[in-house]
Amino acid sequence: MLTSLEIKGAAAAVASSALLLAATFAAGAIYGDRQRLVRATGEPGASAAIATQGRGFFFQSCAHCHGQDADGGEDAPSLHKLQISGAHMTLVIQSGIKDEMPSFSKRYDGQETAAIVAYLKTLQ
């Protein structure tokens, strides 16, 4: 039969384990959110402000074809869940697609294009 001291020790061990497990899950969630931001913006120090700026550029130049929510239009595909790299997105935005999409190299510089790409990556 267990003594009172052994029962208290076991209860303390269970409580400590539960607390440690909860802290591990919380830390994992925080780390995961940070990694999603890094993937979305392309660089560790970037903030959501870059993606927000890119969203503004998207509304100015892309939304009339790709839709306000980037879910596609009559003449352009949805940009949700794109399976291309940020470099490829940049190339398409800067160069366009012959007979399908205009080039935006004269309208947006490298930083502005990177902001658009950061916004598009948030749609993934």
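Select Y108 to begin: at 4% relative accessibility this residue counts as buried, where buried means under 20% relative accessible area, found with a 1.4 Å probe and protein chains only. This is a predicted model, in which local features need pLDDT of at least 70 and side-chain atom pairs count only at pLDDT 80 or more, while totals for chains, interfaces and linings use all residues. Residues are numbered from 1 along each chain as its sequence is written, and side-chain values use heavy atoms, with hydrogens and water left out.

The chain has four aromatic pairs, a pair being rings of Phe, Tyr or Trp (its six-membered ring) with centres within 6.5 Å, called stacked if the planes are under 30 degrees apart, edge-to-face if over 60 and tilted for the rest. The ring centres of F57 and Y108 are 5.1 Å apart and their planes meet at 50°, so this pair is tilted. Because F57 lies in helix 2 (residues 48–61) and Y108 in the loop between helix 4 (86–95) and helix 5 (110–122), the pair ties together parts that are 51 residues apart in sequence.

Now select F58 and Y119, another tilted pair, with 5.4 Å from centre to centre and 50° between the planes. F58 belongs to helix 2 and Y119 to helix 5, so that this pair links parts of the chain 61 residues apart. Both F58 and Y119 are buried.

Finally, show the whole chain, which has five helices and zero strands, these being DSSP runs (H or I, at least four residues, for helices; E, at least two, for strands) numbered from the N terminus.

Terms used
Buried < 20%, exposed > 50% of the residue type's maximum accessible area, 1.4 Å probe, protein only.
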